[in-house]
Amino acid sequence: MAGCPLLIPYVIGDEMTELLKYNPAAIEAKWQKKWEESKLFNVTEDDSRKKYYVLEMFPYPSGRIHMGHVRNYSIGDVIARYKVLQGFNVLHPMGWDAFGMPAENAAIAHKTHPAKWTRNNIDYMRGELKRLGFSYDWTRELATCDADYYKHEQQLFTKMFKRGLVYKKQSFVNWCEPCQTVLANEQVEDGLCWRCSNEVAKKELEQWFFKITDYADELLEFCDKLPGWPERVLTMQKNWIGRSIGVEVDFPVADSDLSIKIFTTRQDTIFGATFVSLAPEHPLTMKLCAGKEEEASVREFVERMSKEDKATRTEDANEKEGVFTGAYCVNPFNNNKIPIYTANFVLMDYGTGAIMAVPAHDQRDFEFAKKYDIPINVVIQPPEGNIEAAEMTEAYLKEGVLHNSGEFTGIKNSDALPKIADYVENNGLGKRQVNYRLRDWGISRQRYWGSPIPIINCDKCGAVPVPDSDLPVVLPLDANIETVGKSPLPDIEEFANVKCPKCGGDAKREADTMDTFVESSWYFARYCSPQLASNMFDEDATRYWMSVDQYIGGIEHAILHLLYSRFFTKVLRDLGYWDVDEPFKNLLTQGMVIKDGTKMSKSKGNTVDPSALIEKYGADTTRLFTLFAAPPERDLDWNDKGVEGSFRFISRIHRLVMENLELISSPAAIQTPDELSDEAKALRKATHKTIKKVSDDINDSFHFNTAISAVMELVNKLYLVNLNSDDSSIRWALRTALDNIIVLMSPFIPHVCEELHEKLGHDTSVTKRQWPKYDPAFVVDDEVTIVVQINGKVRDKLIIAKDSSEDVVRNIALASEKVQKHIDGKEIKKMVYITNRLLSIVVTK
RNA sequence: GCGAGAAUGGCGGAACUGGCAGACGCGCUGGAUUUAGGAUCCAGUGGGCAACCGUGGGGGUUCGACUCCCCCUUCUCGCACCA
């Protein structure tokens, strides 16, 4: 297909060139308007068609769209438009995760109201998304700060409350006295408040919790039923849930009727327990030392620990530390009297807050025992050799045979686990127990800009849920939020002072708001029927649309948002809302956008402003580059020159169509010719191969970068076509190629494809086309290149008819001069032939 | 420390179940066009004069290894005293 360049316009002046030039601003404005006017992307349920629900994680309206959003939403839009072309009824909605702290901070800083700040941001960012031409059904747009939205989750809250899935509990939180508020862990910097730099204290506060631990088992189990999720997300979730199976055993306290309940997964080492450790916060810690000489030192230790924030205390590098309580307990297995310590590394909120310590077989206990000179008893011996306690430099953690373990001595430690658990249960010493690392979800926030928790606190009746008829509890918008850090809600009389729904007496409304992760745990369901006032969602609508077929978002939500959404889905199921088990069938976690080796961030000053890019190159180029530079799951290295390359590629397609418009619009070009020249056949083959490659790349892995590069290759070929020959079939082949390119690329660069589609004479939107099908007959090559290797090195390449027999290939190969040169005078020891691929010849050296 | 992922030209990245390493793009070089520049088009572009050598390093399996196995190094991410 080589030839002279096809584009030799002999009388094209500057004016003409100007008209033919790719002008994204005009094209994009034109088509965005058309799409909107024709309501092209608005969808409704249609049982006669197969549905496809594509969802990208909705943004927090922080002010402006950033490149991470552009990437996320471009990926989603390709999938959505691709599925439309395949004939699916595609739901592709967008909305706003609109509650949250930045709004309050901004309000204080700019003397505005969080609501106003949020609304302004939403308006601005909606404009940016529209400018990018995404195929959203904007009639389904929602904002979580609307009472119409959050009233449904308030109702769900009360239902969960009645089901026992919501409860109130004292818990330790980071508290800043000057700011009068709870701080999230990430707002504590080196033990100081991020806002006022005062020391953060631990405070026990009443907080509302969702009982996600009730679902720990199911959430874990279903990790193995989500084949469409990335393995690493599932692993992270499994680790986060952290199921461990062990036993709880009571250790009686000596000279007392108290006992200490410990949890262990290593009951096989119980004969080696030489002390017991309590968390400093354990209720027995102070009780056991009361009146003893150790009381003062224990008190000092416990107080010091209470000031240390959890991050520091649980740091791996942090040295093991503890004090003796003065009390002893009895190991129920061997009746040894062993000391009770309190230790910094024992956590109150895991297991029972107390452990049996086996220094010989637990590294932490080993370090502690060495430090405080506590005996070390070896109870597991390795298969070969003997361990001497005195010579140990670290705990022995591997398998072995029990030693000094009463009736269990001599059996393998792995076999002893169930046997000892049985013994514990049969002798009333305790029971088998499963523990989780997962904690219940604390949702109380002492903040203003959130959904009010629908509870009324009555002195007589306790916490009473707000009756359905009184929902929603509307967040009062006339609040004064100028006081730094302090929620104004408790001070708003009309809000805070209410009558108890149960007894009618004076009561106080709960002034805490919900964690914003609550809103994002069910928004995907609300999109199915976003305007429905009477309920969270319409059952028929969710029956049709749910689950989300493809969810796309950043890996940073691998645990929190995705776990909470899974939890909510199951709760909704158990409350009879629907029968969905899992919200997201397939999950794609896209990589970060990187520049100069690090994540783009304002503080590093390496951000790229999408608006500026769109201004300069247009939306299609901006989208194309984010899809071309890397496969979606990988980090994307930003490169300004690369963006120009994407622009150039679009311009090349545009020019190809525009400068040959007359030629490829002629009846001869449209009508399939009876006979094709060799060149036309080659072009047809290249076209069909491209269709196959693009389809496969999207279907198999969403590897858009390679799909785009395949189209680039085809475009490069088209530039080499000689159109000045008498061959008319080549014009047909060119038109067909371009027509297919336009459809194939329309999910990526929809505006320019619509424009060129129209120029080619089609009078409907390119989205109404069908995804091209390739003809397998046109994709196969009748000649193949066979590589000839001699002793593993490529020595020749033969072009031979497809499916040639080994004999034929051998004869041709052996006759080749290049091959002869390397086998001359040597003995052929072996030949391996792989049909249509290669012939490998092994000769003596 | 544990878990997951990664390492390929000057750069971003390709390579299906082991079978032509470096597709495509960026950059660079040369040429055409142009008064010039830009834009555009064409050609070239891993290293080496060559034999050859090249996918982080070292072993192995194989006719054949970026791909499979063992050991090691570095980087990224997640978890991190969870008993």
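This is a predicted model: local features need pLDDT of at least 70, side-chain atom pairs count only at pLDDT 80 or more; totals for chains, interfaces and linings use all residues.
A quick word on conventions. Residues count from 1 along each chain as its sequence is written, and chains are lettered from A in the order in which they are written. Local features need pLDDT of at least 70 and side-chain atom pairs pLDDT 80 or more, while totals for chains, interfaces and linings use all residues, and side-chain values use heavy atoms, without hydrogens and water.

Now let's look around the RNA. A residue is near the strand if one of its heavy atoms lies within 4 Å of it. There are 57 such residues around RNA strand B, and Thr265, Lys320, Tyr350, Arg364 and Lys797 come nearest.

A polar side-chain atom of arginine 439 sits 2.9 Å from a base oxygen of RNA strand B, while one of arginine 648 is 2.6 Å from a phosphate oxygen. Among the elements giving two or more residues to this surface are helix H20 (640–659) and helix H24 (704–718); helices are DSSP runs (H or I, at least four residues), numbered from the N terminus. H24 provides the largest share, six residues.

Note on methods. A polar contact is a pair of N or O atoms within 3.5 Å; within protein, one must be able to donate a hydrogen and the other to accept it, and residues adjacent in sequence count only if both atoms are side-chain atoms.
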